[in-house]
Every structure is written in structure tokens, then in C-alpha cells.
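Welcome! Here is a short tour of one protein structure, written for someone meeting it now. Please keep the sequence and the 3D view at hand as you read.

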Amino acid sequence: MIVAFSVSPSGGDPDGGVSEAVARAVRVVRESGLPNSTNAMFTNVEGEWDEVMDVVKRAVQAAGEGAARVSLVLKADIRPGFDSGQLEAKVDRLEEHLR
């Protein structure tokens, strides 16, 4: 499965930024060893259901350290029969159509 998620604690810095908290979440994802990528809006992580959801849970907890509330947006692509490598393979298939 591939999960795209965005996590943001309430509060943040005086300018409304949450990059420090989001960095804590992304660190959890990167240290998990699962295939992942981060862009301006979401972090994508690929793996089996239980391991991906565990990483998301720990990332939310890390981002929420010291916050009274945390917002989580999550989208999952659950595709039985397709194992690892889909994080890149999906983009490769798209690029084929763009050539």
C-alpha cells in the first residue's frame, strides 16, 4: 500500500509555520526504512498495512509533541497483488504516457 499523509500541529511558530514539527514527523518516516518521499504538501510511504500505519501513528505523535491538537490528512492506495516499488512505478507509468 501507499499512504500519502500530511500532519500539522496546532500552534507552530509566530508566523504560523510548522516546519519544525513536520520535520520531526518526516524524520520518523525516513528512519523507518520504508520507501518514502516528501513534497511540499504530503509525505508518501510504502509498505504493508500494519507497518505503514505504525509509522504514520509515530509520525503524528512526533509532530504533535507539545501541541494541544494535531490535524492529519491521509489518503491510501490499497492495491492487492502489487508489492513494493509502486511509489516509483506509478510515476514511471505516468511518465510513459507523457512521452
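Glu65 is exposed, with a relative accessible area of 52%. In this report, buried means under 20% relative accessible area, exposed means over 50%, and partly exposed is anything in between, using a 1.4 Å probe and protein chains only. The areas themselves come from the Shrake-Rupley method with a 1.4 Å probe, and for residues only the protein chains shown count as cover. Please note that this is a predicted model, in which local features need pLDDT of at least 70 and side-chain atom pairs count only at pLDDT 80 or more, while totals for chains, interfaces and linings use all residues. Residues are numbered from 1 along each chain as its sequence is written, and side-chain values use heavy atoms, with hydrogens and water left out.

The side chain of Glu65 meets that of Arg24 in a salt bridge, at 3.7 Å from N to O. Arg24 sits in helix H1 (residues 19-32) and Glu65 in the loop between H2 and strand E4 (70-77), so this pair ties together parts that are 41 residues apart in sequence. A salt bridge here is a side-chain nitrogen of Lys or Arg within 4 Å of a carboxyl oxygen of Asp or Glu.

How many salt bridges does the structure hold? There are five.

Another bridge links Asp77 and Lys90, at 2.5 Å from N to O. Because Asp77 lies in strand E4 and Lys90 in helix H3 (residues 86-98), the pair ties together parts that are 13 residues apart in sequence. Asp77 has a relative accessible area of 26% and is partly exposed; Lys90, at 37%, is also partly exposed. Shared partners also matter for the count of bridges: Glu20, Arg24 and Glu65 are joined into one network by salt bridges that share partners.

## The chain as a whole

The protein chain has three helices and four strands, and along the sequence they follow the pattern β-α-β-β-α-β-α. Helices (H or I, at least four residues) and strands (E, at least two) are DSSP runs, numbered from the N terminus. The C-alpha trace spans about 45 × 30 × 20 Å along its principal axes. Of the 99 residues in the chain, 28% are buried.

## The nonpolar core

The largest nonpolar core has 15 residues, and those touching the most other members are Val3, Phe5, Val29, Val45, Val52 and Ala59. Strand E1 (2-9), H1 and H2 are the elements that give two or more residues to this core. Which element gives the most? That is H2, with six residues.

A nonpolar core means a set of buried Ala, Val, Leu, Ile, Met, Phe, Trp, Tyr and Cys residues joined through side-chain atoms within 4.5 Å. In soluble globular proteins, nonpolar side chains tend to be buried together.

## A negative patch

Glu48, Asp50, Glu51 and Asp83 form a negative surface patch. Patches are made of residues with over 30% relative accessible area and no salt bridge, where like charges are joined within 9 Å. Glu48 is found in the loop between strand E3 (43-46) and helix H2 (49-63). With a relative accessible area of 56%, Glu48 is exposed.

## Distances across the fold

Gly17 lies in the loop between E1 and H1 and is partly exposed, at 28% relative accessible area. Its C-alpha atom is 32 Å from that of Gln86, and the two residues are 69 apart along the chain.

Gln86 belongs to helix H3 and, at 14% relative accessibility, is buried. Asp77 and Pro9 are 68 residues apart in sequence and 25 Å apart in space, C-alpha to C-alpha.

How values were computed
Patches are made of residues with over 30% relative accessible area and no salt bridge: like charges are joined within 9 Å, nonpolar side chains (Val, Leu, Ile, Met, Phe, Trp, Tyr) within 5 Å. Lys and Arg count as positive and Asp and Glu as negative; His and the chain ends are not counted. The place of a charge is taken as NZ of Lys, CZ of Arg, CG of Asp or CD of Glu.
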